[in-house]
Amino acid sequence: HDERPERAAADAETRLDANQVSGDAEQVEATGQVEIRRGVQRVQAPRATLDRDREVVRAEGPVRLENELLIAYARELEADLQANTATLGQLRYVLRGTTAQGSAARAEVDTANQSRLEQVSFTSCPGEAPSWRLTAREIVLKHEQQIGVAEDVSIRIGETPIFWLPAASFPLTSARRSGFLTPNISFGDD
């Protein structure tokens with residue numbers, strides 16, 4: 001079962017709510033509890049700028065982005081609401097419909113195709129202190145195929161690197177694949 005919301009309609013209206021709004025017909029500056037919505041996309045930040053003609057949002061501060069693929073918290077964001085793409089800096093993310101989560105120095109998200117993350121960590125373990133994680137120089141998430149492809153990869157148990165690969169691919173869901181399988185580690189009384 002896919003828990004992702006439906007794709008944003010091409011003709012969806014862009015709505016902006018904030019404590020204070022200023023600007024003109026082309027560009028709007030918003031401050032204080034800013035929320036910009038278009039279809040299933042939502043950007044929340046303390047301060048944002050919206051280019052009305054191009055439907056491009058720029059935001060700084062703690063920024064929250066929600067779309068059909070992910071929920072991300074970032075330091076900065078630039079999003080094209082019409083194309084449903086975004087570039088984020090210094091982020092933590094959770095992929096919708098999966099247990100996948102992690103952090104990255106930079107991400108380019110394109111919900112229609114694939115997303116690219118730099119200096120990234122990835123795990124399918126829940127919680128703040130995952131038992132294992134994959135770190136990489138770069139990960140490309142291929143959304144339709146539900147796979148990730150990583151370069152300069154380290155697999156870590158806790159903080160200890162146990163394996164390095166120049167490149168690797170992995171599922172974004174719990175679906176099985178042949179080849180090297182990601183570890184499934186649990187602790188208990190059994």
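Which strand gives the most to the lining of the second largest pocket? In this predicted model, the answer is β8, with three residues.

**Pocket and cavity**

Let's stay with that pocket for a moment. The second largest pocket holds about 160 Å³ of space. Its lining is made of 13 residues, and the closest to the centre are Arg92, Ser121, Glu128, Pro130 and Arg133. Both β8 (101-110) and β9 (114-123) supply at least two residues of this lining. Sorted by class, the lining has seven polar, four charged and two nonpolar residues.

Leu70, Leu91, Tyr93, Leu95, Ala107, Val109, Ser115, Leu117 and Leu141 line the largest cavity. Here β7 (85-95), β8 and β9 each supply at least two lining residues, and β7 gives the most, with three. Look at the classes in this lining: eight residues are nonpolar, one is polar and none is charged.

**A nonpolar patch**

You can find Phe163 in strand β12 (residues 160-171). Phe163 has a relative accessible area of 36%, so it counts as partly exposed.

**Salt bridges**

Searching the whole structure turns up 15 salt bridges. Here are three of them, with the N to O distance for each.

| Salt bridge | N to O distance |
|---|---|
| Arg37 and Asp17 | 3.1 Å |
| Arg54 and Asp51 | 4.0 Å |
| Arg116 and Glu118 | 2.5 Å |

Take the bridge between Arg37 and Asp17. This pair links distant parts of the chain, with Arg37 in strand β3 (residues 27-38) and Asp17 in strand β1 (residues 14-17), 20 residues apart. Arg37 is partly exposed at 24% relative accessible area, and Asp17 is partly exposed at 31%.

Arg116 counts as partly exposed at 27% relative accessibility, and Glu118 is partly exposed with a relative accessible area of 22%. Elsewhere, salt bridges that share partners join Asp17, Glu35, Arg37, Arg42, Arg64, Glu66 and Arg96 into one network.

Technical notes:
Residues numbered from 1 in each chain as written. Predicted model: local features only at pLDDT ≥ 70, side-chain atom pairs only at ≥ 80, totals over all residues. Heavy atoms only, no water. 1 Å grid on protein atoms, 1.4 Å probe; cavity = no way out; pocket = protein on both sides within 12 Å on 5 of 7 lines; lining within 4 Å. Points joined across faces, edges and corners; volume = space filled by probe spheres on them. Helix = DSSP H or I, 4+ residues; strand = E, 2+ residues; numbered from the N terminus. Nonpolar A, V, L, I, M, F, W, Y, C, P; charged D, E, K, R; others polar. Buried < 20%, exposed > 50% of the residue type's maximum accessible area, 1.4 Å probe, protein only. Salt bridge = Lys/Arg side-chain N within 4 Å of Asp/Glu carboxyl O.
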